[in-house]
Amino acid sequence: MVQTVEVDATRAGHYHDLALYWGESLHLDVVNRPAAAQVYLTIAQDRHAEPMIELGGSDQIALTTAALDVLSEGEGYYHNVWLREAGELTLLSHGRFTARASIAPRLLSPAPLALAGTPPVTGQVGQAYGFVPVIDGGTLPYAFTLVGAALPQGLSLDPLSGVISGVPELAGDHSGIVLRVTDAEGGQADLPGFDLTIAAAEAQQISLQAGTAAPKLIVDGDSIMANAPGTRVVLEQYAGHLLRLPEGYQRAIGGQTAQDILDGIQGTLSLITPGETIVVMGPIGANQAAGSSTFGEISAQMEEIYSTLLDAGAVVVAVPTLPDEDSFGTNAEKDQLRDVVYAFDHPNFHAVDIGVADRMETGAAAYGAGTFDPYAMKNDQSHPNGTGARFLADRIATVIEGLVSSDIFAAAPNLLSGSDALFGGSRAASSPGILGAIPTGWDLERTGSGVDWTCAKDGTDALVCSVTAAAAPSVLTLRRQDLAIGGAADDIFDMAVEVEIAAGASGLRGVRVIAEGGNTSPGSVDFSPGRTTLFVRSLGLPLPGAEATKDFRIQLLVDTGATLSVTFKRATVFAVGSVAGALSISGSPATTGQVDTAYAFTPTVTGGLAPYGFDLASGSLPEGLSLNTATGAITGTPTIAGTQSGIALRVTDAAGATAVLSAFSLTIAALDAPVNTAPPVIDNTVPTVGDTLTATTGSWTNSPAAYAYQWRSSGSVIAGATSANYTVQPGDVAQTLRVEVVASNAGGDSAVAASAETSAVTAASGSIAPWDSSLNNATDLSYSDSDRVVTSSAGSDRHTRGTQSLSGKRYFEVAVLTDIRAVGIADETITALSGKTNGLNRSFWSGTSFVTDATTGMSMTFDDGDAVQVAVDVDADLIWVRKNGSGDWNGSSGADPATGTGGFDISGMSSGTLYAYVSTKAGGSARLDGTADRFAHTPPTGFDPLG
């Protein structure tokens, strides 16, 4: 049998002895238990010993025979029943606990294993849940498991007793939960499967109290709340004494669709302090365009926006979609969007009543003269006109006034202390255009030449200022100079003022206050406030540095012709708080990219506690991009065209603080076909039959994946010549050559890009007079154009020589392609790595000197692109050099190889046969033109080519 004992949670210290026969089970039922409390049972040998049994639960605790197995049959113990609530323990019941001796049957088989009980099928987030099964038969000990669905988050199964208990954390439905018991012999029994529904926690209404730092105001939605001056500006002048305007509070952006607002919601969430923030949201759905979301989808998006804000702990004041007959969607659909707002139900959700519109009637006929007409609210079918802005702001302010108790004048210590806490004292005005008396400690100034303001103190320490038929636009500024604040960098000091507008005022553009470099919007005569009493507060911006004193200003703005009287009733300056060290993330990621084109963005993070971690608060990156979770860098090469919306990058510091970068959309365009930016180049522009020409591709945008080549001879296609290389054929003699290149990628083929034409092809001379490629030195030197072009890949000077030996009078040219150090002659001992000895193994022109066994000055140098001409008389041991077919040989007007005069002496080179020679710098390249068909200039008379 199972013994059940009841304990009343409202009775503390109750004495109760418990006794049961060995082999029986015990159920402890707790009644009148507080919802958030837990119950514990302890059993020990005496009152001073450690518990031998300690079990916890909610409304039931099951002592199975397995749990009681640690006790000895026939022995006596002590028990306590405890209630734990908010960390405090209360002793509900205590007494002796006796496990009586019993005589168990020896020959009978155990009864079949059975599991019974009816689990509760509903629960609620934050409320304790408990179920104790009843087990019969089988062989001890028992073990309990779950098969099928898992338990809701926050609940757990005791594997020894089968008790399911805990406090659910998330709402949701959980179907097919099956509890199974297994006994010591392997027998099993299942409880019939059950479904468990966890309801959401009941929302509690937030109570808002005006203070220095709260409640914060955030405005989000479309252009109705974004544009200034307009609804938002008037609202700030109606409710400035109730709300704080933090930096970045304006989240609304003109032209946003419902999806745009939802995509950017993380930026708004990052500004919300739970329980201390009002979000004025809307209108939503007024900016849809053909092809965007359906109205059914917009309705779902609206509800998701509201739910997300409410879940973050905000109070939501929702502005319905305004009547707008010219936008996308039917009139009925527009009205349905308004109904979504009014139907949404939550204790912290408040819909702004904009009246009921009869689309069949407008104007005075429907609403009466002077009554607001919702169709006149919009002067351009997108933004409220002056009347509409005042109407909306008044309706929104009325809702907010019902939510916030007290105001900033009562809540904040006023730094304007003493006799001028309001506008106390009186002294004569002294500034131009200011007449009468002004408060002590304040200065008054005005802009607008010829505009006179008359000021006076009334009997309540208020300041009354008037202007009549202002000759020009004017700004009246009340300045409180050098107010002692003792502020440090990043401290925030706000100012709030109450102003009363006398009846009959005209030309008023608005009122604003300025604290730290920021101010509320400048105002417009079309959007002048409609209420007679205004409450205006400054925008809360942090100090850029420490300031012991500071100026605070109140400004009244009027238009030409303005006639009005304004009473400045009271003002307050107060410390809001500090943002010193606050975690922040900033940066402007590119919102466009292209397939196969690298993308990169790295945010800037300040404040907080390093190290930082990064993730996406919403949205996902385009295919091919990735997020570095340690740096926040978004990099990669997009692979698929499309748009990813609502990408919100979040940083979390080591202390758990977070900040979110404003959400952005990233559109990846399909890859465009390549575009040529530098034409292809042929490496040999003076071709001879038998030469192999090599073409470069040129330069291209949009990452080509492949290139196609076509060679042409004097404009005609050369059949089969479709690679980067082409060997000049006899049929090309007297023709010019060019190569055409087409680049391609996933975006398509480019236009044709053509190289420059070569010079006319000449017939082969029988010898090509190349460089000696046996001096290659592995990878340091490479050769092309039938070894007539040498290129160095080394990091320092390298050397090579020609293959044709010099005898008699010989002439050759060296084309300086790039980075050549020396041109001249050398003997057979020269290697790629060693130039041997100057004057003995080589003689050359380098810089402004020619080097033989003595250095001879030159009046000229050679540069990239020059053709160096070299004439050598081996028998006379003389050499001459110049460049580009002009100028003096050897830099001297008396030198001429044709007459054998003025040559440099090379008699010191007596160690062997001589050859053409070149020395390259790191990465240099030169071409040896040693045959007549390759000469760019005319050889001197009497001198023969190398081959």
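This is a predicted model: local features need pLDDT of at least 70, side-chain atom pairs count only at pLDDT 80 or more; totals for chains, interfaces and linings use all residues.

Colleague: What is the omega of the cis peptide bond that joins alanine 214 and proline 215?

Modeller: Omega is about -5 degrees for that cis bond between alanine 214 and proline 215. A cis peptide bond also joins glycine 282 and proline 283, with omega about -10 degrees. Proline 283 is likewise in a loop, between β23 (277-281) and α5 (295-311).

Colleague: Which residues is glutamine 237 in contact with, leaving aside its neighbours within four places in sequence?

Modeller: Glutamine 237 is in contact with Gly510, Val511, Pro529, Leu534, Phe535 and Val536. Contact here stands for heavy atoms within 4.5 Å.

Colleague: And why is serine 703 called partly exposed?

Modeller: The cut-offs are under 20% for buried and over 50% for exposed, with partly exposed in between. Serine 703 has 37% relative accessibility, so it counts as partly exposed. Serine 703 is in the loop between β50 (699-700) and β51 (706-713).

Colleague: What is the phi of serine 703?

Modeller: Phi of serine 703 is near 50 degrees, a positive value in a residue other than glycine. Asparagine 32 has a positive phi too, near 60 degrees, and its place is in the loop between β4 and β5 (38-44).

Colleague: That brings us to β4. What is the order of the strands in the open sheet of 3 strands?

Modeller: The order is β1-β4-β7, and the pairing is mixed. The twist averages 15 degrees from one strand to the next.

Colleague: Why do β1 and β7 stand at the edges?

Modeller: β1 (2-8) and β7 (60-63) each have a single partner strand, so one side of each is left without a neighbour in the sheet.

Colleague: How do you know that β4 and β7 pair, and how do they run?

Modeller: Two strands pair if DSSP finds at least two bridges between them. Strand β4 (residues 25-31) is joined to β7 by 4 bridges, so the pair meets the requirement of at least two. The two strands run antiparallel, and leucine 26 stands opposite leucine 63 in β7.

Methods: Residues are numbered from 1 along each chain as its sequence is written. Side-chain values use heavy atoms; hydrogens and water are left out. Axes are lines fitted to C-alpha atoms, for helices over the stretch in contact, and angles run from 0 to 180 degrees between N-to-C directions. Buried means under 20% relative accessible area, exposed over 50%, partly exposed in between (1.4 Å probe, protein chains only).
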